[in-house]
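Student: I am new to this structure. Could you take one part and look at it closely with me?

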Amino acid sequence: MTKPRLFDYYRSSASYRVRIALNLKSVDYESVPINLAAGAQKEAEYRAFNPQGFVPVLEVGEQRITQSLAIIDYLETAYQQPCLLPAGAADRAHVLSMALTIACDIHPLNNLRVLKHLVGPLGQDEDAKNDWIAKWIGEGLAALESMAVPRAGRFLFGDEPTLADICLVPQMYNARRFDVPLGDYPLLVRADAEAAAHPAFAAAHPDRVAPAS
């Protein structure tokens, strides 16, 4: 089987999710860095490769898979162990709900292109940008904290990492990058710390995969 290639950026939350999933599944892959800060995603060659100009992209043979959750769904099917989603319909929906709260409701409002638009065409200053970031992260994490309480264990759901934790860890990394207070979310902080001690999560951390300066 051809070694998959992951086109990613070390600080991209979506790429971070996929790196964690690849590590959990013990998939040997090649990393192809795309420097978002330098605008590499806007270059014609990359836009021909991925018309959205986003990362991550997972290339497996002739197939190119975009969108982090679609990539992780592919990995869940192609590499069945360990399972990242519970088998039961209700539990699976619960984990997906937590993952999507992050991936669809928090992260898109605070990614690089949105923040650049805020301070560029919309003329917002650094304080306004930081207020924007804190508002949407705070609202989303508050909801997630409540959602997780009934079924949390060591992780957001039970005692093994799931897709919810794969989405949580990059979002907590971003919250700390932007100095968003986390004191109101003790369960999330605990699950994040549990994940940080897991080798698959630790190996995917941006500090571990950042390009040499």
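Student: Leaving aside its neighbours within four places in sequence, which residues is Arg17 in contact with?

Tutor: One caution to begin with: this is a predicted model. Arg17 sits in helix H1, which spans residues 13-24. Setting aside neighbours within four places in sequence, Arg17 touches Ser68, Ile72, Ala103, His107, Ile166, Cys167 and Pro170. With Ser68 there is a polar contact, side chain to side chain, at 2.9 Å. Side chains of opposite charge can pair when their charged atoms come close. Arg17 has no such partner: this residue is buried, yet has no salt bridge. The nearest side chain of opposite charge belongs to Asp105, 11 Å away.

Now stay in helix H1 and turn to Arg19. Arg19 forms a salt bridge with Asp8, and the closest N and O atoms are 3.1 Å apart. This pair links distant parts of the chain, with Arg19 in helix H1 and Asp8 in strand E1 (residues 5-8), 11 residues apart. Arg19 is buried, with a relative accessible area of 1%. Asp8 is buried too, at 5%.

Next comes Lys25, in the loop between H1 and strand E2 (30-33). Lys25 counts as buried because its relative accessible area is 5%, under the 20% limit. Beyond its neighbours within four places in sequence, its contacts include Leu75, Glu76, Tyr79, Gln81 and Cys83. Gln81 lies in the loop between helix H3 (68-78) and helix H4 (89-106). Gln81 is exposed, at 58% relative accessibility. The C-alpha atoms of Gln81 and Ser26 are 9.1 Å apart, although the two residues are separated by 55 residues along the chain.

Cysteines have come up in both contact lists, so what about disulfides? The whole structure has 0 of them. Cys83 is in no disulfide, and the nearest cysteine sulfur, in Cys167, is 17 Å away. Cys83 is partly exposed, at 44% relative accessible area. For Cys104, the closest cysteine sulfur is also that of Cys167, at 8.7 Å, which is too far for a bond.

Salt bridges are another matter: the count comes to 10. One joins Glu126 to Lys129, with closest N and O atoms 3.1 Å apart. Both residues lie in helix H6, 3 residues apart, about one turn of the helix. Glu126 is partly exposed, with a relative accessible area of 46%, whereas Lys129 is buried at 14%. Arg5, Glu59 and Arg64 are linked in a salt-bridge network.

Another salt bridge pairs Arg176 with Asp192, at 2.8 Å between the closest N and O atoms. Here too the pair links distant parts of the chain: Arg176 is in helix H7, Asp192 in helix H8, 16 residues apart. Arg176 is partly exposed, at 41%, but Asp192 is buried, at 8%.

That brings us to helix H8 (residues 186-196). Its buried residues are Leu187, Leu188, Ala191, Asp192 and Ala195. Seen down the axis of H8, they fall within an arc of 130 degrees, so they line one face of the helix. They pack against helix H6 (126-148), helix H7 (163-177) and helix H9 (199-204).

Finally, Arg154 is in the loop between H6 and H7. Arg154 is partly exposed, with a relative accessible area of 38%. Its contacts beyond four places in sequence are Asp159, Arg190, Ala191 and Glu194. With Glu194 there is a side-chain polar contact of 2.8 Å.

Key
Residues numbered from 1 in each chain as written. Predicted model: local features only at pLDDT ≥ 70, side-chain atom pairs only at ≥ 80, totals over all residues. Heavy atoms only, no water. Helix = DSSP H or I, 4+ residues; strand = E, 2+ residues; numbered from the N terminus. Buried < 20%, exposed > 50% of the residue type's maximum accessible area, 1.4 Å probe, protein only. Lys, Arg positive; Asp, Glu negative; His and termini not counted. Salt bridge = Lys/Arg side-chain N within 4 Å of Asp/Glu carboxyl O. Polar contact = N/O pair within 3.5 Å; in protein donor to acceptor, adjacent residues only side chain to side chain. Contact = heavy atoms within 4.5 Å. Disulfide = S-S within 2.5 Å. Arc of directions from axis to C-beta.
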